[in-house]
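This report describes one protein chain for a reader who is new to structural analysis. Please look at the sequence and the structure before reading on.

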Amino acid sequence: MEYQYLIDVNDQRNWHFPIVNAEANGNVWEEARTIHFPVGRDSLMRVTDSVFHPQPTAHCHYHREACEIFFWSMAPFDFYSGGKVAEVEPGCITLHRPYEPHGFGFHDISRKLGFFHRMDMTLEDGTCSALLREKRPDARKDPDFPKDGPVMPDIIRAEDPVDWQRVRWQEMDCVRHISRPLAVERFDGVTMKMLIARWETAGVKEIWAAEMEKGFTACSNPYPLKTEMLYVTEGEVKFTVYDDTFIAHKECIVKLPKYGEYRIEALSDAVVYDVNGQTEWFSFFRSRSSIRTTDPARLADPEAMRELKRRHGCEIRTIGRNA
Ligand SMILES: [Fe+2]
């Protein structure tokens, strides 16, 4: 059976249903494609890739249920959110929670990889929209075409921002960067940095970056109970899942299927984000820190640590270094 563990975002074979968004005058402002369709109750693991062209309008909008987490690259752009506007640099992450109005002003070509939850755009939606484009390419110009949809029901257009206060991106709560983590936990060979906390996403996910040193290794439990999605932004990382081995490099997404024992090895210094964010890393690390102070013998007890990891959904059994 075939399972796609490795998704190279720059490989066009992984671009599903590419679309072009244009203004009424025909000017293209976004080229977008779906990289992964959502799964499960919270529509987790929806991933899209977009290239934005310079444009005069901010396309300001908000969502009633959906949450967006965007990783930005290529060029700075103006980011509008919550009454403020800042120039956001490549490497920043923006967080758009329900009812947080947000918009973007692009002066150069910019790009984002977007991770969504609770925005339910299924494979069926993509298939039907592609079929419509093929069969009736001018449908959206048809006066009979429904004005309120049918695609993207949870994108509520807002008026474009006027007189929003210009600040530095560091002064905007919803702009994150690995240099400004909310929490840090250091281990031999890896530093974990929290960029988005679980309490900021209604408990659905938390986003951590793992800064791995060359030679760092991590091994999972024999039968992990959840599918993980990782995003490599720097370096090269070797993965072994079941009996398959592959190497993920910068701008690759890795899916680790539940039940499949896996091993991770950093072939160079690397940065890997846990973008599905189901492990309760923050709670696990805080509990571990408390135990270290109050009951160090428990910390050395493998069974007690297995139980602590199980409670917080941590499927990493061991970490180490390649000699
Ligand atoms: Fe949005």
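Which residue in E16 is the bridge partner of Val 184? The bridge partner of Val 184 in E16 is Lys 193. The sections below place this pair in its setting.

**Basis of the description**

The model is predicted, so local features need pLDDT of at least 70, side-chain atom pairs count only at pLDDT 80 or more, and totals for chains, interfaces and linings use all residues. Residues are numbered from 1 along each chain as its sequence is written.

**The chain as a whole**

The chain contains four helices and 25 strands. Helices (H or I, at least four residues) and strands (E, at least two) are DSSP runs, numbered from the N terminus. A compact globule of 323 residues would have a radius of gyration near 20 Å, and the value of 21 Å for the chain agrees with this. That radius is taken over C-alpha atoms, and the globule rule is 2.2 Å times the number of residues to the power 0.38. The C-alpha trace spans about 70 × 50 × 35 Å along its principal axes.

Of the 323 residues, 32% are buried. A residue is buried if 20 or more other C-beta atoms lie within 10 Å of its own, exposed if 12 or fewer, and partly exposed in between, with C-beta atoms placed from the backbone. Among the contacts in the chain with a separation of 6 or more, 70% come from residues 24 or more positions apart. Two residues are in contact if their C-beta atoms, placed from the backbone, lie within 7 Å.

**The sheet of seven strands**

Val 184 and Lys 193 belong to a pairing of E15 with strand E16 (residues 190-196), in which five bridges join antiparallel strands. Two strands pair if DSSP finds at least two bridges between them. Both strands are part of an open sheet of seven strands in the order E1-E22-E19-E24-E17-E16-E15, with antiparallel pairing. Strand E1 (6-8) and strand E15 (183-187) stand at the edges with a single partner strand each, so one side of each has no neighbour in the sheet. From one strand to the next, the twist averages 20 degrees.

Helix H2 (residues 281-294) lies across E15, E16 and strand E17 (207-212), and runs at about 125 degrees to E16. Axes are lines fitted to C-alpha atoms, for helices over the stretch in contact, and angles run from 0 to 180 degrees between N-to-C directions.

**The sheet of five strands**

A further open sheet has five strands in the order E21-E20-E23-E18-E25, again with antiparallel pairing. Its edges are strand E21 (244-248) and strand E25 (316-321); each has a single partner strand, so one side of each is left without a neighbour in the sheet. Neighbouring strands are turned by 15 degrees against each other on average, direction ignored.

In a regular strand the side chains alternate between the two faces of the sheet. E20 and E21 form a hairpin with two residues between them, and Tyr 242 in the turn has a positive phi of about 50 degrees.

**Strand E6 and selected pairings**

Strand E6 (residues 67-73) is mostly covered, with six of its seven residues buried.

| Antiparallel pair | Bridges | Residues opposite each other |
|---|---|---|
| E6 and E11 (residues 110-117) | seven bridges | Trp 72 and Lys 112 |
| E6 and E9 (residues 93-96) | four bridges | Phe 71 and Ile 93 |
| E20 and E21 | five bridges | Val 241 and Asp 244 |
| E20 and E23 | five bridges | Val 237 and Ala 266 |
| E18 (residues 216-220) and E23 (residues 262-266) | three bridges | Thr 217 and Glu 265 |

**The two domains**

The chain is divided into domain 1 (6-176) and domain 2 (183-321), with bounds that come from an automatic or database domain assignment. Their centres, taken over C-alpha atoms, are separated by 29 Å. The contact takes 18 residues from domain 1 and 17 residues from domain 2. On the side of domain 1 that touches domain 2, E1, E6, E9 and E11 each supply at least two residues. E1 gives the most to this side, with three residues. The residues of this side of domain 1 divide into twelve nonpolar, two polar and four charged. Here Ala, Val, Leu, Ile, Met, Phe, Trp, Tyr, Cys and Pro count as nonpolar, Asp, Glu, Lys and Arg as charged, and the others, Gly among them, as polar.
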